[in-house]
Amino acid sequence: MEIFVEEKEKFQHYKGNLHSHTKYSSGQGTPTEAFKSAKNNKLDFFAVTDHNKAFKSVNKWQEYKLKSEEFNKKNKNNIALSGIELSVKGIGHLNLLNYSEFFDSKEITLSKLVKEIENKPNVILCINHPGKNINNLKNKLDLNKNIRLIEVGNGNKDIRYNRYEKEYYKLLDYG
């Protein structure tokens with residue numbers, strides 16, 4: 001018996017990075033320099049996601065977001081995103097993407113985060129470098145509408161690169 005699979009759709013593969021830092025927190029360069037570097041390295045999309053402690057004012061957050069908007073106006077084949085890496089007590093680090101408001105909080109709890117995004121279905125959460133604290137996400141199915149990404153690799157392949165496939169599968173098991 002032969003089986004034939006007819007391809008109905010053409011898929012496009014995109015390359016990018018949704019977790020990076022600038023000089024505003026623990027990285028190098030400005031957001032604009034990061035977006036240009038990503039484009040020069042043939043990435044289709046790129047997000048700068050500095051730590052929330054880097055944004056001490058609404059003005060700094062608005063300026064940060066403006067850099068991605070300016071880049072997107074000039075570059076139609078690349079997508080620049082600005083987000084925030086939140087340190088959530090008892091969970092670890094989560095990237096908050098597609099969030100327009102200023103997240104003003106020194107200590108972020110999961111319940112505070114859930115309340116902040118509960119009526120914002122377009123907000124995307126990415127679990128960054130998941131560790132043992134991801135067990136605290138078990139039975140938090142109300143976050144499924146926002147948690148869309150789980151980082152399975154983190155770092156620089158030439159210096160230090162961490163893999164998180166086991167944690168990824170554990171999170172899938174949690175639902």
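Leaving aside neighbours within four places in sequence, leucine 96 is in contact with Gly83, Ile84, Leu86, Phe103, Ile117, Val123, Ile124 and Leu125, where contact means heavy atoms within 4.5 Å. The structure is a predicted model, in which local features need pLDDT of at least 70 and side-chain atom pairs count only at pLDDT 80 or more, while totals for chains, interfaces and linings use all residues. Residues are numbered from 1 along each chain as its sequence is written, and side-chain values use heavy atoms, with hydrogens and water left out.

The pLDDT is the predictor's confidence in each residue, on a scale from 0 to 100. Its average over the protein chain is 87, and 97% of the residues score at least 70. Confidence is highest in α1, at 96, and lowest in strand β8 (residues 153-156), at a mean of 82. Where pLDDT is low, the predicted coordinates should not be read in detail.

The protein chain contains four helices and nine strands. Helices (H or I, at least four residues) and strands (E, at least two) are DSSP runs, numbered from the N terminus. Their order along the sequence is β-α-β-α-β-β-β-α-β-β-β-β-α. Taken along the principal axes, the C-alpha atoms fill a box of roughly 65 × 40 × 35 Å. Of the contacts with a separation of 6 or more, 61% are between residues 24 or more positions apart.

The accessible surface of the protein chain is about 11,800 Å², and carbon and sulfur atoms account for 48% of it; such areas come from the Shrake-Rupley method with a 1.4 Å probe, and for residues only the protein chains shown count as cover. Of the 175 residues, 34% are buried. Buried means under 20% relative accessible area, exposed over 50%, and partly exposed in between (1.4 Å probe, protein chains only).

In soluble globular proteins, nonpolar side chains tend to be buried together. A nonpolar core is a set of buried Ala, Val, Leu, Ile, Met, Phe, Trp, Tyr and Cys residues joined through side-chain atoms within 4.5 Å. The largest such core has 34 residues, and those with the most contacts inside it are Leu86, Val88, Leu96, Phe103, Leu113 and Ile117. At least two residues of this core come from each of α1 (31-40), β2 (45-51), α2 (58-74), β3 (79-89), β4 (92-97), α3 (110-117), β6 (124-127) and α4 (165-174). Strand β3 gives the most, with four residues.

Alanine 80 is found in strand β3. This residue is buried, with a relative accessible area of 3%. Not counting residues up to four places away in sequence, alanine 80 touches Phe35, Phe46, Ser68, Phe71 and Asn72. Alanine 80 and glutamate 7 are 73 residues apart in sequence, and their C-alpha atoms are 31 Å apart in space.

Several loop residues were also examined. Lysine 42, in the loop between α1 and β2, counts as exposed at 65% relative accessibility. Lysine 42 and threonine 32 are 10 residues apart in sequence and 16 Å apart in space, C-alpha to C-alpha. Asparagine 98 lies in the loop between β4 and β5 (108-109) and is exposed, with a relative accessible area of 52%. Although asparagine 98 is not a glycine, its phi is positive, at about 60 degrees. Histidine 129, in the loop between β6 and β7 (147-150), also has a positive phi, near 25 degrees. At 26% relative accessibility, histidine 129 counts as partly exposed.
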